[in-house]
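Q: I'd like to learn how to read a model like this one, feature by feature. Could you walk me through it?

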Amino acid sequence: MMDCRRRLAGKQGFFPWLQQVKLSRLVIIIFVVFICIFLIVHHFLSDLSPVGESPAGHRSRLKLDHYGEDERLFTAPNLSDEIRKLSKIKASVNNELREMESKRQTLQTQISRYQMELEHLHNVKDTLEREIKLTKLNLDQLKIQKEELDEKYVPILRAPQKILLGQESGVDVSPPNTSSNCRMFSCFDYSRCSLLSGFPVYVYDLKQLRTLSSVEDFINSSVSLAFKKSPYLTSDPSKACIFIVVIGQFQELQVVSTKDMESFLHSLPYWHGDGRNHILINMMRNYKSTDIFANVKTDRAIVVQSTFLDTIFRPKFDIVIPPALGNADGDVWQDLPLVSPIRRKYFLSFLGQYKGIIAQNSAKIEGVEKVSQDLSENNMLSSIESAIVSSLKDIKIADSNEILTQFSCNSVAPGAINGEWSMCSTEMQRKETLTQSTFSLIIAPSNISYVSSTIFQLRLYESLKYGAIPVILGEHVQLPYSEVLEWKEAVIILPKARSAEFYFLLRTYTDNNIAAMRLKGRFLFENYFSSTVKIVNSLLAILRTRLSIPAAPIHDVPSVSVFNDSFVPLALEGFEVNPETDETLGPVESPFPSMIFKENFTQFLSYQSWNKMGQVFNMFPYDAEEKILPSEAKFFGSGFGFRPIGKGWGGAGKEFSEALGGNLVREQFTIVMLTYKREQVLINALQRLKGLPFLNQVIVVWNNPTPPSALIRWPEIGVPVKVLKMEKNSLNNRFLPFSSIETEAILSIDDDAHLRHDEIVFAFRVWREERDRIVGFPGRYHAWDAQSKAWYYNANYSCELSMVLTGAAFFHKNYAYLYTHIMPQAIRDKVDEYINCEDIAMNFLVSHITRKPPMKVTSRWTFRCPGCPETLSSDIEHFTERHKCINFFVQVYGYMPLLYTQYRVDSVLFKTRLPVEKQKCFKFI
């Protein structure tokens, strides 16, 4: 019983201990027990090995122990033989290994070569696929072209109908019953002026005719110069559209009787009884000019002068011209003040003395006669003039510091008619006043029998010249060229009844409006008033505009090759070009020109050209401001030349690369590349252009007086490459309008500027939408130095830019014409003087015309231009010259035309996440 209790107690003591042991310790104890059991079993099994066999542990010996069974193998002679055999075996094995290594290397070389060939074949495959794709695109384009040509129409043109007698007739025609009713439709013979006639002009040589009096010397010489320079002059009167007779201003102040004037006119050889198509010019040079045709029957002749009586002037038939007070020809920017400051010392100025019934002490003033009149006839006029004076005096009291008025003069300029305010002081004194005046008051003659007077035209002329905005009180007067010029953009015209309110109206004008009007006035003066040649050209332009005859074409610069006709340049063949991108950028079509002179008979454009720099006197083959069709028009019969994306459905990169799209017809561009003594750089640049879509041709401007070496091999790039000879080394040659340029778009690029094809194509697409701007890559801006109060050229990084350098930029060919033929010569001379600044000059010109900044397109880091001006940062003189250029150009234009912009252009889907099956417009842009 006690034993059972002990056992039970032992069990009860063991199990509680077991319950207290942790599981991890229990696992370790079990693992140790199993290892001990394994070792004990292994020991007993080793002792039970069979008799005669060595234990397993003693059988684990070196392999050499097995040779101990035959001791003869270890004798000296046998050991030497075995060593030799082993050496031979080793040598044989080494030879085999070397042969195998050689074979391995040979096979590896072959594998590498096969891999290279395979890669080359892949590249060839990709190239062929691209070429096949491009060929398919080109075939599609050719099909569309054929369809367009099949639908092209040819207009029918016939000679104009005769309303009087034709040019072949020499029979005199009776003049109209009253010439005051003459209009172009009733008194002008259109049959002499066909639309395609070229507007031939015949000028009478008064030296060979009986004249009334000799014409003033300056008028005679300057008008002769103007017609000699005119492209319309003809010496054959039988072919003439119009006949010019320059009658005044006379050399001496004299009065010609009505009978003598009419007798003189009828004695003209081609007057033919009624004076049809004759232009009678009386050009005003000074205060002595008067209406010499008063009471003269001018029949069907058009009268041109500055002073007109209401009874003589025939609206839309006779022409009012400004006085010829300037030089015969040439630029006048040196004589004009700057546009800024916008608000000048005097807000308003008026200096004058009234000649008439309200004149005070007029008899005491030299050169002015007191006029006795019937006061009852002029009470109303007198009261209006008195009201004007009273208003001006009130304004003077209110703003004494900003108003300059004077109603009596110490010295009076002659020439005022009765009822008109005479001019005071000398021209230099009036210049000093006007250059300090924001507005200049011009009071029209109260004598309404005059629609234009000498003094009125002189006041208008001087106000425009010196930048004082004319404020004309009186609506009955005629301004020069009023049928074609937008005078309300430069002049404020109010009825005299507003004399008590006009000052309030002037105060509402903002600085922006004042600047715009002053710029417009300067434009009108420089283009139509400044010289006798400009006045004559404007007169002929008005007549042409009435007749819808286009101007003479502006001249191209002849493209003279550096090679003679018999020379055949060597060809560089077999060169490989790295396209730098595997994307399709567009069809590579055969070169085709842009359509020229497509709008030269569009009437409303003829009138619009009067408000554009240089365009009224010349017919341009293109217009940078292309008119845009409604988007649906191209699908309703007006689709000639259009290439919509996806045929109108649009699309992503694939469809985008197959057509130009946009709002305009398809076109190409010409690359103009300037080079000088860098033949290999030039050849490398030409090679990179191979396969460039939309490229028409490449013009190489060879500025080196020495022709290129005959040993140079020129690459074949798929389009013509023309190397042109220059008369002199000038940076202005970059912008010459060469006759060989057949596209509107020009890419001006330096020979060392490296642009990828996708960058060029993208910039071209952007330019098509902003074709009146410069579109390019490297940007710069003009900075103002407040201390020196001058402009500086700045090439530092900036978030604003105002210039795009033309070492890599697109521009319209129209600007090449304007740069070469219209822009002031002083600017081109400055470029030649410094051999610098031509890019700044082009930016000034385009911004001046458009009032828009240039447009910068994105450029990756691959753009390299070692020869562009920005790399010359170490050349201090280079930047100094550019500072000087900017400030000089400002003096020429009269203001700073450059404008700032704060953005650049990237493609539409740039940085846009697209589905896998879609493609971006450009991979990297």
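**A buried glutamate and its surroundings**

A: Happy to. This is a predicted model. Let's begin with one side chain: leaving aside neighbours within four places in sequence, Glu 838 is in contact with Leu 731, Arg 734, Phe 735, Thr 806, Tyr 819 and Val 831. Glu 838 lies in helix 19.

Q: Is Glu 838 buried or exposed?

A: The general idea is to look at relative accessible area, where buried means under 20%. Glu 838 has a value of 7%, so it counts as buried.

Q: What does helix 18 pack against with its buried residues?

A: To read a helix, list its buried residues and then see what they touch. In helix 18 (residues 825-834), the buried ones are Ala 826, Ile 827, Arg 828, Lys 830, Val 831 and Tyr 834. They pack against helix 17 (813-822), helix 19 (838-850) and helix 20 (876-893). Just past the end of helix 18, Ile 835 has a positive phi of about 50 degrees.

Q: Which residues does Lys 813 touch, beyond those up to four places away in sequence?

A: Lys 813 sits in helix 17, and its relative accessibility is 1%, so it is classed as buried. Its partners are Asp 556, Tyr 622, Pro 737, Phe 738, Ile 741, Thr 743, Glu 744 and Ile 746. Take Ile 741: it is 72 residues from Lys 813 along the chain, while the two C-alpha atoms are separated by 8.4 Å.

Q: How do I read the fold as a whole?

A: Start with the secondary structure, then burial, then contacts. The protein has 20 helices and 27 strands. Of its 925 residues, 47% are buried. Counting contacts between residues at least 6 apart in sequence, 79% join residues at least 24 apart. The exposed surface comes to about 48,700 Å², with 56% of it supplied by carbon and sulfur atoms.

Q: How many residues are in the largest nonpolar core, and which have the most contacts inside it?

A: The general idea first: in soluble globular proteins, nonpolar side chains tend to be buried together. Here the largest nonpolar core has 174 residues, and those with the most contacts inside it are Phe 199, Ile 242, Ile 247, Leu 348, Phe 502 and Tyr 528. Helix 12 (residues 532-547) gives this core its largest share, nine residues. Apart from that core lies another, of 50 residues, including Val 562, Leu 682, Phe 694 and Val 905.

Q: What is Phe 199 in contact with, leaving aside its neighbours within four places in sequence?

A: Phe 199 contacts Tyr 232, Cys 241, Ile 242, Leu 540, Leu 543, Arg 544, Leu 547 and Ile 549.

Q: Which residues lie nearest the centre of the second largest cavity?

A: They are Leu 351, Arg 430, Leu 434, Ser 440 and Arg 459, out of 14 lining residues. The volume of the second largest cavity is about 150 Å³. Strand 7 (346-351), helix 8 (427-434), strand 11 (437-443) and helix 9 (454-465) each supply at least two residues of its lining.

Q: How should I read the backbone angles?

A: Most residues other than glycine have a negative phi, and most peptide bonds are trans. Against that background, a cis peptide bond joins Ser 340 and Pro 341, with omega about 5 degrees. Pro 341 lies in the loop between strand 6 (319-320) and strand 7.

Q: Where is His 272 placed, and is it buried or exposed?

A: His 272 is in the loop between helix 6 (258-266) and strand 3 (278-282), and its phi is positive, near 55 degrees. Its relative accessibility is 19%, so it counts as buried. Asn 295 also has a positive phi, about 65 degrees, but Asn 295 is exposed, with a relative accessible area of 63%.

Key:
Residues numbered from 1 in each chain as written. Predicted model: local features only at pLDDT ≥ 70, side-chain atom pairs only at ≥ 80, totals over all residues. Heavy atoms only, no water. Helix = DSSP H or I, 4+ residues; strand = E, 2+ residues; numbered from the N terminus. Buried < 20%, exposed > 50% of the residue type's maximum accessible area, 1.4 Å probe, protein only. Contact = heavy atoms within 4.5 Å. Areas by Shrake-Rupley, 256 points an atom, 1.4 Å probe, with all protein chains shown as cover. Core = buried A, V, L, I, M, F, W, Y, C linked by side-chain atoms within 4.5 Å. 1 Å grid on protein atoms, 1.4 Å probe; cavity = no way out; pocket = protein on both sides within 12 Å on 5 of 7 lines; lining within 4 Å. Points joined across faces, edges and corners; volume = space filled by probe spheres on them.
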